[in-house]
Each structure stands twice: as C-alpha cells, then as structure tokens.
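Visitor: I am new to reading structures. Please take me through this one, feature by feature.

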Amino acid sequence: MLSSPYFYSFALFLSLSILFFFFAPQILPLNHPRTISLADDLDDLSLFRNATLSSSRASSSKISHLSLSNPRPKIAFLFLTNSDLVFSPLWAKFFSGNEHLYNIYVHADPFVKINRPHQIFQNRFIPAKRTERASPTLISAARRLMANAILDDPLNLYFALVSQTCIPLHSFNYIYHSLFGNSIKVLKAFATQSKHKSFIEILSDDPNLPDRYVARGENVMLPEVPYEKFRVGSQFFILAKRHALLVLKERKLWKKFKLPCLNLNSCYPEEHYFPTLLSMEDPKGCSHYTLTRVNWTDSVDGHPHTYHGADVSEELIHTLRQSNSSYSYFFARKFAPDCLKPLMKLAADVIFRD
C-alpha cells in the first residue's frame, strides 16, 4: 500500500500544503498595495510636464508684468485626504482675512465618499486618483497636488502638504512671515528662491533604515539609490518652489520607488522618496527637519498617537509648538474628529494668538 501512487500523491500534496502555509505570506503578502498603472503614470507625467513648462514661461515672460502690480508671494496648502475634512472650520478661521496670500488644493480619494467641507474648501478639489497606504500612490498624489498648484497660480512659492488630521498651531500671519520674511515684492521673492529652505525631515540614522531599504527586495534599488544615499523622513513637508519643480521633473528615482513592496511592515514610499531625492539633489537647501509635530511615543500599526477631545487644552497647544530647531512647529497631527469643538473654543485666544 505504501508504494501505491495514491500514497505518493498524497504525500506530495501534504508537503506542498505545508510549504505554502509557512512561506506563502512572505512570497505573496496579503492585501498587496496598489501599484501605479502605466496609463496613470503616463497621465501624471503629462501633468507634471505641463506644470514645469508653465512655470518656466511664468518666470521668464510674466514676472515683469506681475511685479508691476506688486502682488505678494503665496503659500499653496495641499490637503491629502481619504476621509472627511473634519477640521475645515478651524482651517477657515486660520485663513480668514488673508485671501490674497494663499491657495488651497485638495486631493481626495475618489473611491471614498467625502462629506461637504467648509465652503472655503469647495471648488478646491483637484482631479484625483485612488490612494492606498504602503504604496507609491501617496507619492503620486503629493506630486499631483504640487503640479496643479503650480499650474493654477505662478505666485505659489511655498507648498505645504498636510493631511485631514492636521491642525494649525499658529496664526496664518505667523507662518507666512516665518517662511517669507520681508520678501514682499514678487520679483524679489522669485529672485531669492535659492535662499528659501524647504522644511522636510531627512534622516540617515533611523534604526529601521536597513529594513526599509530592502522592502522591495535585495538590491532592487540599485544602482539609482545606493544604501548610503537612502533616506527616510516624515510624510508631510513644506517645499520651496524650486524643490517642488525638482520633484515634478524627476524620473530616475521614481522608477525604483514606484515598484511594489514585498515587506509591507517596512514600506512607506512617501516617507522615503521625497527625503531621498532632496538629500541627493540639494541637501543644503533643506532643513532636514519637519514643521509638523507628530507624537510617536505610543504608535500603533505605524500610526502616530491620536489626540482626542479630552486631551485638547491650552497647555497642549503650547507643548506641541515647542521644537529643537529655530522654528516653532507650524502644524500638528494626529487629531480625532471629537477635537474640533474644543479646538474651535481655543482658536481665537490660544491657537491664533502668537
């Protein structure tokens, strides 16, 4: 009986089943993240090309005309979201009275139903595509926001990427003058762009750096991204226009970072691509720290600490502002929806009182 073909077939089936049980999760990860389709990639590249060409034309032919009317440079606020903009009433108070100094752009996942935000956000939604955590779609969404902002208004000179769970920690005027200083005339603002730093976290000593580097497989990032040049950082940042254009023009590193990850526990492309690119291209032009405060002391599943309504106080706002750099933190995350009411109560007398 032991020599029968049925026995050998059963033994082979049992062996393969055991191998699949133990090794399949490593070979075929569950919930594999979304990849970038060729059609979407080409569509984005066309958008990015149009944005860079538009910026080139604006800086050469329109700049003298703009300077005649003495407009001031603007901050483009880029909201990347896959849920309701719960804190839009707080942001509306933040923006109030400064309509000529900012623009708003929202990238909302089209596969998620978003309830109508405050009217200041309406008509500010850009053509969006699906986003998914641990995938390069978040890189594409951020680049899409910058491209639309550049095409929309040549006076957008800083690009602040924030999420639906971010809140402002200072008044608009405080943040605006911290970024631009006394660069009032747009001609001067354009001329001194090289002096304006980008505020993005760039880390080379993160203990998880080796695992993050090989998240797509051994040696996959070579030769474009050798390990010694790989960097990690925060997902949210503030980029000067010259760096936003650099991001839109870049092609070489994107070929690597858009590849799907095999190890999802160590793969956060949006936290790798931007720090690596800017560190390789213009490290001295970047602060190497972020202006968005995040509490990682009790993170869960890769998510930072979430503040709830009972946590909100004047003391919390003052604590969140504190930093080790020469700049106070501008924004903070992550806040739960029940924080809105207590935050609104603190808005006038605490948050926007610098």
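Visitor: What is the volume of the largest pocket?

Guide: Here is the idea. Rolling a probe the size of a water molecule over the atoms shows where empty space is left. In this structure, the largest pocket has a volume of about 1000 Å³. A pocket is an open set of points on a 1 Å grid over the protein atoms alone, where a 1.4 Å probe fits, with protein on both sides within 12 Å along at least five of seven lines. Points are joined across faces, edges and corners, and the volume is the space filled by probe spheres set on them. The model is predicted: local features need pLDDT of at least 70, side-chain atom pairs count only at pLDDT 80 or more, and totals for chains, interfaces and linings use all residues. Residues are numbered from 1 along each chain as its sequence is written, and side-chain values use heavy atoms, with hydrogens and water left out.

Visitor: How many lining residues of the largest pocket are nonpolar, polar and charged?

Guide: There are 13 nonpolar, 20 polar and 11 charged. Nonpolar means Ala, Val, Leu, Ile, Met, Phe, Trp, Tyr, Cys and Pro; charged means Asp, Glu, Lys and Arg; the others, Gly among them, are polar.

Visitor: At what angle do helices H3 and H12 pack?

Guide: Two packed helices are described by the angle between their axes and the distance between the axes. H3 (residues 88–95) and H12 (residues 340–351) pack at about 15°, with axes 9 Å apart. So H3 is roughly parallel to H12, a label for angles under 35 degrees. Axes are lines fitted to C-alpha atoms over the stretch in contact, and angles run from 0 to 180 degrees between N-to-C directions.

Visitor: Which residues of H3 and H12 meet?

Guide: Pro89, Leu90 and Lys93 in H3 meet Leu340, Leu343, Met344, Ala347 and Ile351 in H12. Contact means heavy atoms within 4.5 Å. These residues divide into 7 nonpolar, no polar and 1 charged.

Visitor: How far apart are the axes of H11 and H12?

Guide: The axes of H11 (residues 314–321) and H12 are 10 Å apart, at an angle of about 60°. H11 and H12 are therefore oblique to each other, the class left after roughly parallel, roughly antiparallel (over 145 degrees) and roughly perpendicular (65 to 115).

Visitor: Where are the cis peptide bonds?

Guide: One joins Leu222 and Pro223, with omega about 0°. Pro223 lies in the loop between helix H7 (209–213) and strand E6 (238–240). Another joins Arg333 and Lys334, with omega about 25°.

Key:
On a 1 Å grid over the protein atoms alone, a cavity is a set of points where a 1.4 Å probe fits but cannot get out, and a pocket is an open set with protein on both sides within 12 Å along at least five of seven lines; lining residues have an atom within 4 Å of a point. Helices (H or I, at least four residues) and strands (E, at least two) are DSSP runs, numbered from the N terminus.
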